Amino acid sequence: MAIFVIPAFNEEANVPRLLEDLESRPELWRDGRVVLVDDGSSDGTVDVARAHDGELPVEVLCQPQNQGAGRAFDRGFRHALRFAPHDALIVTLESDTTSDLDALEEMLATARSGADIVLACHHDQGELVGVTAHRRFLSRAAAYAIRRISRLDAKTVSSFFRVYRAQ
């Protein structure tokens, strides 16, 4: 079982496309669900998420005001862990459709083989895919700082596209 925890902030244009893409891959979510945590959006993000009427179960949690991705993830994780079986996998990704769902099958297999957490690299030959130059700069700067401060040897530390073992 895979439970998707997805924070969203003003992603009205992207959420329907993300849900359609996930729904077209039932092998990734069978017996699972999406927990979309709206982080105080001022657009129609909540409405389009609640309007999803496909087979993919979608639950929408609403933060009354924008509190940042960390708070949205925290709320989504706490909620998911209330009903997640011990062997469930929790997938996190961004609602802006920049996560490559083609990589998810391998990520899930890696987690099922014993990894506690699997991080996806959101780089394609060293470049962030589908994001602005400003966002690439911020991502690289944050990743560099995190790696230096924590002395962590990892290519990716800032990607939200991850798989966690619920246990």
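**Figure 1. Asp31 in the loop between helix 2 and strand 2.** Asp31 is found in the loop that runs between helix 2 (26-29) and strand 2 (33-39), where helices (H or I, at least four residues) and strands (E, at least two) are DSSP runs numbered from the N terminus. Although Asp31 is not a glycine, its phi is positive, at about 70 degrees. With a relative accessibility of 64%, Asp31 counts as exposed; the word buried is kept for values under 20% relative accessible area, exposed for values over 50%, and partly exposed for those in between (1.4 Å probe, protein chains only). This is a predicted model, in which local features need pLDDT of at least 70 and side-chain atom pairs count only at pLDDT 80 or more, while totals for chains, interfaces and linings use all residues. Residues are numbered from 1 along each chain as its sequence is written, and side-chain values use heavy atoms, with hydrogens and water left out.

**Figure 2. Asn10 in the loop between strand 1 and helix 1.** Asn10 lies in the loop between strand 1 (2-8) and helix 1 (15-23), and its phi, near 55 degrees, is a positive value in a residue other than glycine. The relative accessibility of Asn10 is 29%, so this residue counts as partly exposed.

**Figure 3. The aromatic cluster of Phe73, Phe77, Phe160 and Tyr164.** Ring pairs link these four residues into a cluster. A pair of aromatic rings is described by the distance of the centres and the angle of the planes. Rings of Phe, Tyr and Trp (its six-membered ring) pair if their centres lie within 6.5 Å, and planes under 30 degrees apart count as stacked, over 60 as edge-to-face and the rest as tilted. The count by this rule comes to three aromatic pairs. Phe73 and Phe77 form a tilted pair, because their ring centres are 6.5 Å apart and their planes stand at 40 degrees. These two residues are four apart in helix 4 (residues 69-83), which means that about one helical turn separates them. Phe77 also pairs with Tyr164 in an edge-to-face arrangement, with 5.1 Å from centre to centre and 90 degrees between the planes. This pair links distant parts of the chain, since Phe77 is in helix 4 and Tyr164 is in strand 8 (residues 162-165), 87 residues apart. Phe73 is buried, with a relative accessible area of 11%, whereas Tyr164, at 22% relative accessibility, counts as partly exposed.

Figure 4. Arg162 is buried yet has no salt bridge, a term for a side-chain nitrogen of Lys or Arg within 4 Å of a carboxyl oxygen of Asp or Glu. The nearest side chain of opposite charge is that of Glu94, 9.0 Å away; here Lys and Arg count as positive and Asp and Glu as negative, while His and the chain ends are not counted.

**Figure 5. Arg50 in helix 3.** Arg50 lies in helix 3 (residues 45-50) and counts as exposed, at 54% relative accessibility. The C-alpha atoms of Arg50 and Val60 are separated by 6.8 Å, although these residues are 10 apart along the chain.
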